Amino acid sequence: MGGRMMTKARRGGTCMGGRPKDGRRLFATVLIDLLTLSRIPLGAMFCALSLAGESLASRVALFALIALSDLFDGRLARRLATQSALGAILDVTADLFFVTTAITTLCMLGLLPWWLPCVALLMFVEFVITSLAARRQRGERAMLWYDRVGRAVAVALYVMPLGALVLHSVLRDSAYMAVIGVSCAVVTVLAFASAALRVKKVLTSS
């Protein structure tokens, strides 16, 4: 979930004098991974504030921190040449945690349909399986294989919790349920379309 983590494995320096550079790279890698993992406690706080009925402003601020973490960890990793398979896995895991817990929390509050977190989990499982299959069968170098439709669905699921909170604060209940119902249905159809296309590509190249 999120296109921030293309994954060539890092190569340590082997020449004399390379250790300080490797040390700085390791330090940068740890900091970037911690930035990625910060989305887990921030996501938990987002859910706690939502369940407690705290102000919309506080939840928007938390979402902004989560989004900034997601935006900058990949950019920093590419700029500092610290991309790794582990970083990619941590990135996807942090995104999955936030998406599923935030959407589930809003389902508990009656603001989103119950099937949406199921769609997010199924999409993640399909994404991992088809990525591994593509790497073996199609010779993909990147550990994780992204497609345009899947990216769009991932972004939609990511912003769905905040969008639901904002819409609920400005729309009447009937209008809110209509807009959310259509939005969630579209996201669900696109998620299954992405999964079908990915599976078809894997099968046809096997």
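The protein chain contains seven helices and zero strands, where helices (H or I, at least four residues) and strands (E, at least two) are DSSP runs numbered from the N terminus. Along the sequence this gives the pattern α-α-α-α-α-α-α. The model is predicted, with local features requiring pLDDT of at least 70 and side-chain atom pairs counted only at pLDDT 80 or more, while totals for chains, interfaces and linings use all residues. Residues are numbered from 1 along each chain as its sequence is written, and side-chain values use heavy atoms, with hydrogens and water left out.

Of the 206 residues in the protein chain, 41% are buried; buried means under 20% relative accessible area, exposed over 50%, and partly exposed in between (1.4 Å probe, protein chains only). The chain exposes about 11400 Å², and carbon and sulfur atoms supply 70% of that area. Accessible areas come from the Shrake-Rupley method with a 1.4 Å probe, and for residues only the protein chains shown count as cover. A contact is defined by heavy atoms within 4.5 Å. Among contacts between residues at least 6 apart in sequence, 78% join residues at least 24 apart.

Threonine 36 lies in helix 1, which runs over residues 19-37, and counts as buried because its relative accessibility is 3%. Beyond the residues up to four places away in sequence, threonine 36 touches Ser69, Asp73, Leu90, Asp91 and Ala94.

Helix 2 comes next. Its 14 residues, 39-52, reach 20 Å from the first C-alpha to the last, close to the expected 20 Å at 1.5 Å a residue; the expected span is 1.5 Å times one less than the number of residues. The buried residues in helix 2 are Arg39, Leu42, Gly43, Phe46, Cys47 and Ser50. They sit on the same side of helix 2 because they cover an arc of only 140° around the axis, the arc being that of the directions from the helix axis to the C-beta atoms. An α-helix has 3.6 residues a turn, so residues three or four places apart point the same way. Serine 50, found in helix 2, has a relative accessibility of 3% and therefore counts as buried. Leaving out residues up to four places away in sequence, serine 50 touches Arg59, Thr105, Leu109 and Leu165. Just after helix 2, glycine 53 adopts a positive phi of about 70°.

The cysteines can be taken together. A disulfide is a covalent bond between the sulfur atoms of two cysteines. Here, a disulfide is a pair of cysteine sulfur atoms within 2.5 Å, and by this rule the count is zero. The sulfur of cysteine 184 has its closest cysteine sulfur in cysteine 107, 8.0 Å away, which is too far for a bond. Cysteine 184 is buried, with a relative accessible area of 0%, and cysteine 47 is buried as well, at 8%.

Neighbours within four places in sequence aside, leucine 111 is in contact with Leu106, Leu165, His168, Tyr176 and Ile180. Leucine 111 and isoleucine 180 are 69 residues apart in sequence, yet their C-alpha atoms are 8.3 Å apart in space.

Helix 5 has 23 residues and reaches 32 Å from its first C-alpha to its last, close to the 33 Å expected at 1.5 Å a residue. Its buried residues include Leu116, Val119, Met123, Phe127 and Thr130. The buried residues of helix 5 pack against helix 4 (85-108), helix 6 and helix 7 (173-204).

The loop between helix 5 (115-137) and helix 6 (148-170) holds aspartate 147, which counts as buried because its relative accessibility is 16%. Apart from neighbours within four places in sequence, aspartate 147 is in contact with Ser194 and Arg198. A polar contact of 3.0 Å joins the side chains of aspartate 147 and serine 194. Such a contact is a pair of N or O atoms within 3.5 Å; within protein, one must be able to donate a hydrogen and the other to accept it, and residues adjacent in sequence count only if both atoms are side-chain atoms. The side chain of aspartate 147 also reaches the backbone nitrogen of valine 149, at 3.3 Å.
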